[in-house]
Structure formats: structure tokens, C-alpha cells
Amino acid sequence: MVASRAIGSLSRFTASRTLRCSGYICRSFTRASALLTRTHINYGVKGDVAVIRINSPNSKVNTLSQELHSEFMEVMNEVWSSSQIRSAVLISTKPGCFIAGADLNMLNACTTSQEVTQISQEAQKMFEKLEKSTKPVVAAINGSCLGGGLEVGIPAAFDMMLTGRSIRADRAKKMGLVDQLVEPLGPGVKPPEERTIEYLEEVAITFAKGLADKKITPKRDKGLVETFYLTEMTSYALSIPFVRQQIYKKVEEKVQKQTKGLYPAPLKIIDVVKTGIEQGSNAGYLSESQRFGELAMTKESKALMGLYRGQTQCKKNKFGAPQKEVKQLAVLGAGLMGAGIAQVSVDKGLQTILKDTTLPALGRGQQQVFKGLNDKVKKKTLTSFERDAMFSNLIGQLDYRGFEKADMVIEAVFEDLSLKHRVLKETEAVIPDHCVFASNTSALPIGEIATVSKRPEKVIGMHYFSPVDKMQLLEIITTEKTSKDTTASAVDVGLRQGKVIIVVKDGPGFYTTRCLTPMMSEVIRILQEGVGPKKLDSLTTSFGFPVGAATLVDEVGVDVAKHVAENLGKEFGERFAGGSLEMLQQMISKGFLGRKSGKGFYIYQEGVKNKNLNSDMDSILASLKMPSQPDVSSDEDIQYRLVTRFVNEAILCLQEGVLATPTEGDIGAVFGLGFPPCLGGPFHFVDLYGAQKIVDRLRKYEAVYGKQFTPCQLLVDHANNPNKKFYQ
Amino acid sequence: MTSLLTYTFKNLPNTSKWALRFCMRPLSSSSQVQAAAGTTKSKKTLAKPNIRNIVVVDGVRTPFLLSGTSYKDLMPHDLARAALSGLLHRTSVPKDVVDYIIFGTVIQEVKTSNVAREAALGAGFSDKTPAHTVTMACISSNQAMTTAVGLIASGQCDVVVAGGVELMSDIPIRHSRKMRKMMLDLNKAKTLAQRLSVISKFRLNFLSPELPAVSEFSTSETMGHSADRLAAAFAISREEQDEYALRSHSLAKRAQDEGLLSDVVPFKVPGRDTVTQDNGIRPSSLDQMAKLKPAFIKPYGTVTAANSSFLTDGASAVLIMAEEKALAMGYKPKAYLRDFMYVSQDPKDQLLLGPTYATPKVLEKAGLTMNDIDAFEFHEAFSGQILANLKAMDSDWFAQNYMGRKAKVGLPPLEKFNNWGGSLSLGHPFGATGCRLVMAAANRLRKEGGQYGLVAACAAGGQGHAMIVEAYPK
């Protein structure tokens, strides 16, 4: 890859715009009329520079599919054999996307690891040929350039291979991944996206020419002497085997710690790099393709690819466009949730009124929004001007002024039915007829809130997760009376707020809270049986939950947990039983409300990272201690007692029609509740792990604890018929 | 037909033309006269009923010099004073007749933040004449002039001096915010212990200075960078830009040699020789210009030092009066100031497109078309910016998609465009350029013949300005 230089175009602004490039494609065809037969790639020659344009048909993005791959090789061979051509430019004609990585459908279609290995080897050959190209190749990148796409353009960096994080174009330049930046252009005499690509191509051509004429040296400029020494030193150190072993060890330890061994890919990557360095690049390539093949066939890979597809589906509005787009939003309650909702609205340009009843409460909420935006300025993802412009979309007030122009009101007041009723009545007195009233609640049934409404068809539930600006999920709850247009409007607003959305039917706890509650009940029982909070946390995180179960109670808030457990306990009876609510009651009476009060199972202090156990909990735990059941108390059993109750309830939600699709169930569980992503969500988990095995587990626990573990009918059906899958 | 009429009309003896205009005005609302006006459509006057006519009696400027040359030891008010004295000398206006003085400036000297007042006092104007300073980036002195128009039109004043000044040889470089904070705290500290505790917070990095921003505050992009992107967006090549810059320098050189730049007044700089002419006019060759490296987008950009306006020191001033006042005082004014327009748009991608937006609006407001304009004076910030504006005005696509117009604005004919050079060659002292444009238009109309001039300029912040200058009948 020595001879190739990459030119990245700052993609921040162009990435999200729509495609308007038909005119441009036509033009490039006329230049290469003889080569019209190719569908993904065409190329023309400008002077002595071959311009290779990638454009997968009927798709928003270019992916490394087999067709693209073979056409690319064909074109490159022509480039290499032509005496006329001295250099080449690679460019995508799609605004905002170079190559978004491997085609998932292609990988999905493979049934054996050998097939994947073969695909990988072909790709390697392509990259290798590109790397050893005798003619300079310039990759002109506009927009996303991921995975294999990056390898086409740029030699990959170690760090990036492991974590797969995304890098802004200016950072990439600093890291030496790209050589030149071309900033997006504004309006000219044609659409800016189109002209930007043209300009990028023009600049890339001058670079390609310069490289071929040796006017530009392919070496990346190391302006600073220090940088030079540093790289020299590093490469010297790496030549000593002992140092290398130490580095491998350190990296492996770090990866092991971060992934808990649940994600196989990073370790294999280290393995491959090791092989490559120790045994030469050929062995490395071979090992890479084999490991890639193996990885593609793992459950984890299937689960994650499934999640990716699910996420894409939940980013669409299947209810169509609302009759009236929401332009003016109002949020009632400037608490943690209300301010969070306001923040994700104003930063997308939505005019938002934030209303509370007292000035200090309102001020706190406004400050939260400002801080959220200002943190982005500190991270340089926003300019201070953009922040100010966004913040000016927020109007803080104590009265209902301006509500007559609101298109949607989202209430986020305390979880108290009579308060919600009062707020609903007050609001309906001032809002226009078309205005949607959405309630942000985690457990109060929307139908009950809507009983006092004059227009129940306009009432809907929008359950956000805390912290709103970080958590991607939005659970939208429809009652029988909610109109389709109201739903379309809520989904539209949610999508504009950048959320991944599931739409579920109304009922106690909806979907997410309902799945979590039996698991929480089991958490309390396990604690009562003598497993300490730390041990419980480590058992759950090693299963793949991002947050330990005891910590989760602290994060949610002990009072909230108790409130929900009581309510849902009344509704669902014995199935939700398990631990004693007395524990939560005692914690509340002692003021141990979790993180928000500074004490829960753990002690939380500002600025202290390692949290310590709250020793005052010992007496509570001791007083409520129950004998443990040795048959079902191994570490693994404890993990499965938690997970199977969660999964069983999720499947019951699908059975009862609360959930419309298994996809929404998986997305809700992973994005809202932290269900282990490597398992792909409860439904993927059942498909991949096997329904029978889960039913067996449930029966085993049922024998000890009774009805709480009785598998639901739909799960039993799946166990009885191994061909039945949630995902075909 | 029209042109024939125009021609004859143009060649009417001065007296009858004068009489015609005079008798038409009071009757402008009657239908009879409207019919008569129809025959001389393109040459009607822009006088409006019940609004005072406002004239520029005359205007002057100091020679515009490259920063760091002969003016480098001056302060801004020194330059402004030179322009004001020059104006007094040129017009012989009695000092106490001036009702008000307004100056435009961009980079403010903190000691003389109201530079208009400091300069006026020193130039010998009456200390009873109030003065204020305005700022609107590169159209600051345009703002000074239109403020004067407003004061006169509303009857508040009869005689106003408007001008502008910029001294880029010296700019206010500040201590860092941390250092400033420490120094202010130190001021407040009363005891030795308090002072020591303040001083103990000192860190070496407090000493790094703060320069006045050269970049757009809202976008953090420098203007040259934006101009380069603008040129790229309109697909304007380096060669086109160099050619345009060469044209500007060549025309300026010719104008200078032929003595057409009559607004320039000599300035005896204390301790130095008398400066008599602009020193930035340097016609070069395309080959020479092609050798320069890009100044902003490196290494592939197209905007270079040769095709950009340079940092300039200079000041300008014009004497603006109500027409009846000027006539009563026995003046023969040079031009009327007619309709004007300020516009603003996206400061990121359309930073320098102000003229494109302002031109059609001011023409429509005045009831004129592009064909009616005899002298175009556009501010040349960068060759690429001028050429981008010309391309934008010539594009239906741009007009439809960004200006909400059905069709393109139309291209100003280049033979009437900046014929005596422009900011690229004469120089561009930010705060002073507007008055130079107006005087260039007025002087060109007198010299070359013709009735209407159009002045247009872009400014930082994505703003723009255009104004119609009408020749005063000879």
C-alpha cells in the first residue's frame, strides 16, 4: 500500500444527505461507453489517469459483494496492463459513502466457514495486489469507509482493527490514515453533493498524476521530528521478540478484560497479527482468512448481524408519514427525563418548550440540556455556534403560554397517576385539536392515563430510557384507541430524535419493564439467598450484560424498582413473585435509593470511580436471608435463573400480542435493557441456543420454585418443533 | 428604437435635459407625464416623491498602501484624520455646517474605539459636531454612508460626512484571557498576601497572546479558505482567477497613469515622505502568478496571494448633503445616492455571495435592469469570489434553487465592470472600501458618460450590500 494515497472528504455534513447523483453517473458513462456492461464499477481514462468509479446499483451504500469484487479485479487488471495508464483514482459516485464494508447478505448466504474463508482469501488477494500495485492508486473517499472499504483505501491500523470505532476525517488525517482532506463544497451551479464528488475526483487526479510523475512523494509527511523518532523507536523495540511477547500479553489481557471472553473476534485478531509478524505475511493472510471464516459461522456473529438488521428495521417508520409534521414540541417536567427529551429534540432543530412548575427545577433542566450540548463542543463534535443555535430552540417556561401552537406534548412528570391525570387535563385545555399528547412513563398503563382525556385517539405512550441522550431505544405504546396517525407522528418524532423505535401494545409494564421485572424479582431472591451484590454483578456481566444486576437496581432507583414491582406484581400475581419486596422497602426507609441518593447496594461519591459496597446493607440482607437451594445455585444456574425468566416473559409478550415482531423484542431488550448483545436478544438467543434447552432449564427451576418458571406456550411450541424459529 | 432614443436623449444639450428632469419631478404622479416618461424609460431619474434627494458633493481617500509600509507607525485616527482634512480641503466645506460624522472600521484600535470622534477632533471639525463609528466588516463605510442617507432623508441632518478607515499595520494583540483575568484580580487585591496568592496562580502559558480573529467567528473558517471552496464549488480554475487578477492590476495601472484616480489626496506622513499614490498596483505576468503556491488550501487550492486582495492601510471620506442644501451652498454635486439594499445569507458556504443576492434586489427596487447600469463597481475580495458571483448571477440553477427566482440575475458586461481597477489591485482597507467604490462609480459616470452606477460588495458574516449611484446632471 506504499504507493497509494488516500484523500478523505470530511463526511460530517454530506453523509446524511439524500442521493441526487443521477446526472453525474450519466456523464461518467459517456466517457467509458465500451464498458457499460459492468454494474458496480465503471471507469474512464482522463489523460493517463484511470478513474474507477464504484456505484452499486439500487443501494444507498456500496458494499464489498462478490460481483463488485470480481468487476473490480477485472478493471484493475485492465489498468495494470494498459500502457496508456500511469496511475489510477478510486472513487464512489454515491455521496457520503465510499465502501461500507463487506456485504452482510453475502456473508449470510454462506453456510460453511470454508465458503467465508474463500471469500476472505479472494478479498485478500485483491488488497494485496492493490498494495503491490506498480502504478500509484489514489483512493478518493467521500463519507463512510468501513472495514474492507478502509483496506481498499488505507492500510489498517492495529487499534482500529480491534475496536471498530469510527474516526472523523480530520482525526484520520492526523493519524496518517489519509493524506489529504477535501472539505465539502457549498452551492455552485449544481447540487453541492454532486460538485463535491466531482471536485474530489479532480483533486485526486492531480495527485495521481503527481505521484506517477514523481512530483509528489508517496511518503506521508512526518512534520515533527518527534513523530519520526517515535516510529523508529517503536519499530526497533518490536524487533525484539521479548518485547513483542509482552505486548501480545498486555493486549490480550486488556481485550479479555473488556470483552469478558464473550466476543471471540478481538482475540482472534491478535492471534492473526501474531502469526503475521512471527511467521511472515503469507502465513498471516492464511490465518486471517481461516479465522474470518470461523468467526462468520459463530453464534455471536449471527446474533450481531441479526441485531444490525433489526436496528435498521427499527429506524424506519412503518406507519407512514404523519398528516402534520411536528414542528413545535412541548415537554412537561424538566427533570432528568424531560430535559433529556428536550436535549435530543433541540439538537435536531425541533422547537421545544420545556415547562416545569418552579424556577429552580426548570433551571436545573435547562442546565442539563446546555451541559449535554456543551460536552459535545468539548469533544469537538459541535462548534460553540452550533451549540448556541441549538440551545436557542429551547424555551423554558413555567406556564402554558405557546401551547396553543404545539403539535405534540410529551409529559415527563412524576410517575403518579393522579398527577398525570391532572397534567393531561390542564394540557388538553390549552392545546389545539391536532396536538398529540404523549406520556413518558415506564409502567403506568397508557389506557389508564387516557381515561380522563377528551380525545383518547391522540394519547400515546413514549417510553424513553435514561440517560435519554445516550440510550438509543424509544418504546412507543399504543392503546386500542390510539389512532394510526398519532402513532405515525410519535414514531416520526422519535426517529428525528435519533431513536431506535419499537411499537408495542399497552399493558402493565408494556414490553421492556415487564421483561425486566421478573428478572429483578429473581435478583432480590438471589441476594436473599446469600449471594453478595459484587458476586451477582460479576455473574451477570460475565454473561454479557453491560451493567451488573445489583448495580442496575441502584441505577434504576430502589423506589422506582419497588413501585414497578408492586404494580406489576398485583397485575401478574405469582409469575412475578420471587424475592421479598420487604428488602426494597427497608432500603427506601433507610434512604438507600441507589445512585441518585448516593447510597444503594453500593456507595456513590462524586469523583470516586471504584464504588464500595454499602456496609449498612449487611443488616438488611441478613434479616431477610433465605436458605439457598443447592440444586439450582451454581454460578451457571444463577445466571440462567435470571436470563430464562427474562426470556420467558419476552416470549409471552409476543404470544400475547404486546410485541408485534420478534425483531422489536430483541431490539428493545438489547438497546433498552442491556440484554447481552452477543446473544442478539431473547428471540435470537432462543433460536441460536435452542428452545428445548431453555425449556429444560425452566422446568428444572420450576421444580424448585414453582410457577415463576413455567415456560409459556409459545416457547414450549418451539421446543416441541425444532424447525420452528423466530427468525427464518 | 429605445437605444436610438436613449442616444438622442444623452446628446440633448445639458440645459434642456436639466429642465426636463426638473419639470418632470413635481408632476411625477400625473398620468400625462407618465406617458412622457415611458418614452425615456431607461433614463428616468430615481427621485421619489416626498423624499429628499441626497447627493455626494465629493469624496476623497488617502492613498491605499500595503500594510507595513509608509503608514506603519500611524494610528487609525491619524489616517482617518488625513482623509477628513483632505475632504475639507477638496470641498472647502465650512466646518460648522457639518451636522454629523460617521466612520466605518473593522479591526478596532481599543484606545480609539470611536475613531470617528477622535479623527474629527484632530481634523479641525467643530467640537460641536457629534461623531460615531459603525462596523459591518467589509461594508462598514457603506453602512456609514447609508446611515448618513437615513439621517438626511428623515430630516435629522442636512450635511453629513461619512467615511471609513483601516490600519492593518498595527492590530490589537491581547493578553490571553487567563492572563487578563489574573491582572484584573491583581488590581482588586488589596494586601500583599492577596497579591501573592493571585500571582502564585501564574502559569507560563498565560503569556501566549491572543490575535484578532482572522477567521469567521461562527464557522472558524478563514475567508481565504472559504473563497477557495467557493471557487471550487463554481468550478473556477486557477488560470481564470489569475487572469482576472491581472486584469484588475492592468486596469488600475492604466487608471493611475492616466490620472483617473482623482479621489486620491496626497498625505504627508509625519517623519516620512509625502505619499501620493496607491502602492499595491503591480501588474505581473500570468507565468509569474502561476508560480505562487496556494495560500489557504494547501497544496491543491486555487486562491493565492496574487489573486487575493492584500492587507491594506487606508482611509476614505465623502461629503453627503441634501440636494437643496448643496445647491443653496453653491455646490455642484457629483452624484445622487439612490436605492440601497443589505442582504445576508449562510456564512459557511455562501460567505462571499452577497453581490449576487443584493444586485437583483436593488435593481428591482429602483425599477432598473442590468442594461440600465453604465458603471459597475464591485468589491474584489478575491478573484475567485468575483468570478463565483458572476457565475452565480449567470446561472438559472442557482437563481432557482438558492435565490427563489424564476430566472438568473444576468451577467454584468465586463467592459463596464471595475474599469479603473478594484480591491485586488488598489487595495482593500476593510473599513474604507465602500466610499472608494461610490466615488469610483461617480467619477466613472462623469468621465465615461452614463447615468447609473451599481456598487456592490460582500462582507464577513455572509452579508452583502448594493447601492445605485446616479450621476448628477452636468
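# Reading rings, helices and backbone

User: How many aromatic pairs does the count give over all chains?

Analyst: The count comes to 27 aromatic pairs over all chains. The rule takes rings of Phe, Tyr and Trp (its six-membered ring) and pairs them if their centres lie within 6.5 Å; planes under 30 degrees apart count as stacked, over 60 as edge-to-face and the rest as tilted. The model is predicted, with local features needing pLDDT of at least 70 and side-chain atom pairs pLDDT 80 or more, while totals for chains, interfaces and linings use all residues. Residues are numbered from 1 along each chain as its sequence is written, chains are lettered from A and ligands numbered from 1 in the order in which they are written, and side-chain values use heavy atoms, leaving out hydrogens and water.

User: What describes a pair of aromatic rings?

Analyst: A ring pair is described by the distance of the centres and the angle of the planes. Phe207(A) and Tyr300(B) are an edge-to-face case, with 6.2 Å centre to centre and 70° between the planes. Phe207(A) lies in helix α8 (residues 192–212) of chain A and Tyr300(B) in the loop between α11 (286–290) and β8 (312–322) of chain B, so this pair joins two chains. Helices (H or I, at least four residues) and strands (E, at least two) are DSSP runs, numbered from the N terminus.

User: Are Phe207(A) and Tyr300(B) buried or exposed?

Analyst: Both are buried. Buried means under 20% relative accessible area, exposed over 50%, and partly exposed in between (1.4 Å probe, protein chains only). Tyr336(B) and Tyr472(B) form a tilted pair, 4.9 Å centre to centre with 40° between the planes. Tyr336(B) is in strand β9 (residues 335–344) of chain B and Tyr472(B) in the segment after β12 (463–471) of chain B, 136 residues apart. Tyr336(B) is buried at a relative accessible area of 0%, and Tyr472(B) is buried at 4%.

User: Which residue lies over the face of Tyr336(B)?

Analyst: A charge sits over a ring if NZ of Lys or CZ of Arg is within 6 Å of the ring centre and within 35 degrees of the ring normal. Arg338(B) lies over the face of Tyr336(B), at 4.0 Å from the ring centre. In chain A, Arg645(A) lies over the face of Phe709(A), at 5.5 Å from the ring centre.

User: What describes two packed helices?

Analyst: The angle between their axes and the distance between the axes. Axes are lines fitted to C-alpha atoms, for helices over the stretch in contact, and angles run from 0 to 180 degrees between N-to-C directions. Helix α26 (residues 635–655) of chain A and α28(A) have axes that come within 9 Å and cross at roughly 110°. That makes α26(A) roughly perpendicular to α28(A). Angles under 35 degrees count as roughly parallel, over 145 as roughly antiparallel, 65 to 115 as roughly perpendicular and the rest as oblique.

User: Which residues make the contact of α26(A) with α28(A)?

Analyst: Contact means heavy atoms within 4.5 Å. Those of α26(A) include Tyr640(A), Phe646(A) and Leu654(A), and those of α28(A) include Phe685(A), Val686(A) and Tyr689(A). By class, this contact has 12 nonpolar, no polar and no charged residues. Ala, Val, Leu, Ile, Met, Phe, Trp, Tyr, Cys and Pro count as nonpolar, Asp, Glu, Lys and Arg as charged, and the others, Gly among them, as polar. Ring pairs link Phe543(A), Phe545(A), Tyr640(A), Phe646(A), Phe675(A), Phe685(A) and Tyr689(A) into a cluster.

User: At what angle do α27(A) and α28(A) pack?

Analyst: Helix α27 (residues 662–673) of chain A and helix α28 (residues 682–689) of chain A pack at about 110°, with axes 7 Å apart. They are therefore roughly perpendicular to each other. Pro662(A), Gly665(A), Asp666(A) and Ala669(A) in α27(A) meet Pro682(A), Phe683(A) and His684(A) in α28(A). This contact of α27(A) with α28(A) has four nonpolar, two polar and one charged residues.

User: Which residues does a cis peptide bond join in chain B?

Analyst: Lys298(B) and Pro299(B), with omega at about 0°. Pro299(B) is in the loop between α11 and β8 of chain B. In chain A, a cis peptide bond joins Ser466(A) and Pro467(A), with omega at about -10°.

User: What phi does Ser220(B) have?

Analyst: Ser220(B) has a positive phi of about 65°, although it is not a glycine. Ser220(B) is exposed, with a relative accessible area of 56%. Ala137(B), also not a glycine, has a positive phi of about 55°, and at 16% relative accessibility Ala137(B) counts as buried.
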